[in-house]
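Subject: Structure handover

Hello,

Here is the structure we discussed. Please load it before reading on, as the notes below refer to residues by number.

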Amino acid sequence: MSAIAANLQAVLARIADACALSGRSPESVRLLAVSKTWPADCVLAAAAAGQRAFGESYVQEGVAKLAATSGDDLEWHFIGPLQSNKTRAVAEHFAWVHGIDRLKIAERLAAQRPAHLPPLQVCVQVNVSGEASKSGCRPDEAAALCHAVAALPRLRLRGLMTIPEPSDDVAAQRAPFCRLRELAEQLRAAGLTLDTLSMGMSHDLEAAVAEGATIVRIGTAIFGERHTL
Ligand SMILES: *Cc1c(COP(=O)(O)O)cnc(C)c1O
């Protein structure tokens, strides 16, 4: 078994254990393998071990890797910060975008999504940690942004995403994930259809699953430590 296949198995076991602890079915959590900075060969090794969904944070790198693995019927998620001059490539190549934090970006993606492709699946990114430097809309802006995104053509609003401050303490890890889950519940009560909570990375996936994550975004635990950006 390749190292990547073994790591993948270990991550799936962590997800299954975390699900068992909170009485959730392991099928309720999808694993997104974050392949940023790793070459297409690593993606192919993970795909050979059964992994279908991959996440990329840099547009050019992601598009090149997607082209290099195009025979494999993989599902690509854009998870990085997105500038308006890069939206077209994302709209044309990716299946999902996790980091919508401004209406302008969503409007461009909607206008640029090719008609022959299924709607682009999107999550609104919320900054639940409260630091001004972090990307993501403020929690009190999320309702307006979600309603506006949900009304756009060619996009399908799936849910919320967050990247909290890293912490080694499980209780501290759970707090922002809990806030995101509660925010999603409020938005559902306000009439929005949201089935996705994209939260949890290599160091905090257990906390995220305990708080209801439906997609965990895992890079390091599958592919190893990143040496470049
Ligand atoms: C890089 C990245 C991840 C993966 O982080 P790891 O700690 O390597 O698991 C998850 N989400 C986003 C948005 C990222 O940029």
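What follows is a summary of the packing and the charged pairs. Please keep in mind that this is a predicted model.

Packing

The largest nonpolar core has 62 residues, and those with the most contacts inside it are Leu-109, Val-124 and Leu-160. Helix α1 (residues 3–21) supplies the largest share of this core, six residues. A second, separate core has eight residues, among them Leu-32, Val-34, Trp-96 and Met-161.

Leaving aside neighbours within four places in sequence, Val-124 is in contact with residues including His-98, Ile-100, Cys-137, Leu-157 and Leu-160.

A buried polar residue

Gln-121 lies in strand β5. With a relative accessible area of 12%, Gln-121 is buried. Which polar partners does the side chain of Gln-121 have? One of its polar atoms lies 2.9 Å from the backbone oxygen of Pro-119, and a polar contact of 2.8 Å joins the side chain to that of Arg-158. Not counting residues up to four places away in sequence, Gln-121 touches Ala-95, Trp-96, Val-97, Arg-156 and Arg-158.

Salt bridges

The structure holds twelve salt bridges. Three of them are described here.

- Glu-61 and Lys-65: the closest N and O atoms are 2.6 Å apart. Both residues lie in helix α3 (residues 59–68), four residues apart, about one turn of the helix. Glu-61 is partly exposed at 24% relative accessible area, whereas Lys-65 counts as buried at 5%.
- Asp-101 and Arg-102: the N to O distance is 3.8 Å. Asp-101 is partly exposed at 23% relative accessibility, and Arg-102 is partly exposed at 38%.
- Glu-211 and Arg-181: the closest N and O atoms are 2.7 Å apart. Glu-211 lies in the loop between α8 (205–210) and β8 (215–218) and Arg-181 in helix α7, so the pair ties together parts that are 30 residues apart in sequence. Glu-211 is buried at 7% relative accessibility, while Arg-181 is partly exposed at 24%. Through shared partners, salt bridges join Arg-174, Arg-181, Glu-185 and Glu-211 into one network.

Regards

Key
Residues are numbered from 1 along each chain as its sequence is written. This is a predicted model: local features need pLDDT of at least 70, side-chain atom pairs count only at pLDDT 80 or more; totals for chains, interfaces and linings use all residues. Side-chain values use heavy atoms; hydrogens and water are left out. Helices (H or I, at least four residues) and strands (E, at least two) are DSSP runs, numbered from the N terminus. Buried means under 20% relative accessible area, exposed over 50%, partly exposed in between (1.4 Å probe, protein chains only). A polar contact is a pair of N or O atoms within 3.5 Å; within protein, one must be able to donate a hydrogen and the other to accept it, and residues adjacent in sequence count only if both atoms are side-chain atoms. Contact means heavy atoms within 4.5 Å. A nonpolar core is a set of buried Ala, Val, Leu, Ile, Met, Phe, Trp, Tyr and Cys residues joined through side-chain atoms within 4.5 Å. A salt bridge is a side-chain nitrogen of Lys or Arg within 4 Å of a carboxyl oxygen of Asp or Glu.
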